[in-house]
Amino acid sequence: MSIVMTTRPPEAPSNKVASFKPTLLQTEEHHLCPGCGEPVAIRLVLEVIEELGLAQKNVSIIGHGCYGSFIMTMDVDSTLCLHGRAPAVATGLKRMRPEVAVWTLQGDGDMTSEGLAEILHATARGENITCILLNNGVFGDTGGQMTASSVIGQRTKNTLEGRDAAYHGHPIVIGNMVAAMPGSAYVARGSVHNAASIAATRRLIRKGFQRQMEKKGLSLVEILTMCPTGWFVPASGGADYMMESLGKTYPLGEIKDISASE
Amino acid sequence: MRQVTRGTLVIDADRCKGCELCIVACPPRVLTMSRTGNATGYLYPELSPGCTGCTACQQVCPDFVFEVYKYHEPIVSGSDAERMQ
């Protein structure tokens, strides 16, 4: 089959329907691994911020992980904080500047292993912040070790035979924990493994920011992201592997929406 | 075979890291991986006729290498006579 020339725009009359969009990301270049889901998740967050007109009044609180490299290219105010302490830093910022949209970006190792207390106490206080959790079940930045949210049977660098509930314990399903607390306004879980789920996740993130601006309470949007390098699978198999392993423990969809129940 | 092409892509092949997520994401299955590597040695996607301009590849790409164009008039390749055979 013939190959179409794709090095320059077509000569026949046409219009551009999609390209690299968020103006809040200064360059499309990044050094994350092939098949990583985090750039797509961050693109969605930045697109939503732009859509909601929050580009000039938002502050991102970034935890520690691969996504931290985006602090150099994201055109939003940002603070890097100690491991897992993003909701605590966000609490201070939001209380001093209540008109600003404050959002945290954390991985699952950062949120559930290192900073479980911060997210739970921020929820208990009902802080008006939006927490974005990029959940891939491993400490990707340090080479793929087990986190508190690695699923049973998941092979990581220090659970080579797969996570064993009797020895390593059970995964912490942070979304359901936060949803059970009265301080949370919106909890949802999306993923970035195919085009349909990416479109759905964009809507979840949008609602998360809207609940914050409505001063309803803490909103947590968990996004399942691929980490083929940390899972020791080929980059092309990351999406399927994610839905077979994490997808079963972490079902997608909205878990709690305080506005819907009213 | 009669083929209708409604859209096309601009692929920034040299920034591609060869993760192949676009290959499975493409509904009409018109993306295939190249045989030779790009400037950094990764294989990259190549487009065959039949693109519908649905933007699925652009949505899933972690390295943002795609631009999607939609033709004002679909391009039809192959003839109806050929199709009848």
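## Close-up views of a predicted two-chain model

**Figure 1. Overall organisation of chain A.** Among contacts in chain A that link residues at least 6 apart in sequence, 69% join residues at least 24 apart. The model shown here and in the following views is predicted. The secondary structure of chain A consists of 10 helices and 10 strands. Along the principal axes, the C-alpha trace of chain A spans about 60 × 50 × 35 Å. A compact globule of 262 residues would have a radius of gyration near 18 Å, and the value for chain A, 18 Å, therefore agrees with that expectation. Of these 262 residues, 49% count as buried.

**Figure 2. The buried face of helix α4 in chain A.** Helix α4 covers residues 116-125 of chain A, and its buried residues are A:E118, A:I119, A:A122 and A:T123. Viewed down the axis of α4(A), these buried residues fall within an arc of 125°, so they line one face of the helix. Their packing partners include three helices of chain A, namely α2 (86-96), α3 (108-114) and α6 (174-179). The buried residues of α4(A) also pack against the strands β5 (130-135), β8 (184-191) and β9 (218-224) of chain A. Just after α4(A), A:G126 adopts a positive phi of about 65°.

**Figure 3. The interface between chains A and B.** Here 31 residues of chain A are in contact with 30 residues of chain B. On the chain A side, the elements that contribute two or more residues are β1 (14-18), α1 (38-51) and α7 (195-213). Of the elements on this side, β1(A) gives the most, with 5 residues. By class, the side of chain A that touches chain B has 18 nonpolar, 9 polar and 4 charged residues.

**Figure 4. Strand pairing across the interface.** Strands of a sheet pair through backbone hydrogen bonds, in either a parallel or an antiparallel sense. In this view, β1(A) pairs with strand β4 (residues 66-77) of chain B in the antiparallel sense over 4 bridges. A:N15 stands opposite B:K70 in β4(B).

**Figure 5. The surroundings of B:G53.** B:G53 lies in the loop between β3 (45-47) and α2 (56-60) of chain B. This residue counts as buried because it has 21 C-beta neighbours inside 10 Å, the threshold being 20 or more. Apart from residues up to four places away in sequence, B:G53 touches B:R6, B:G7, B:V68, B:Y69 and B:K70, together with A:V17 from the other chain. B:G53 and B:E20 are 33 residues apart in sequence, and their C-alpha atoms are 18 Å apart in space.

Notes: Residues numbered from 1 in each chain as written. Chains lettered and ligands numbered in written order. Predicted model: local features only at pLDDT ≥ 70, side-chain atom pairs only at ≥ 80, totals over all residues. Buried ≥ 20, exposed ≤ 12 C-beta atoms within 10 Å, placed from the backbone. Arc of directions from axis to C-beta. Contact = placed C-beta atoms within 7 Å. Nonpolar A, V, L, I, M, F, W, Y, C, P; charged D, E, K, R; others polar. Pairing = 2+ DSSP bridges. Rg over C-alpha atoms; globule rule 2.2 N^0.38 Å.
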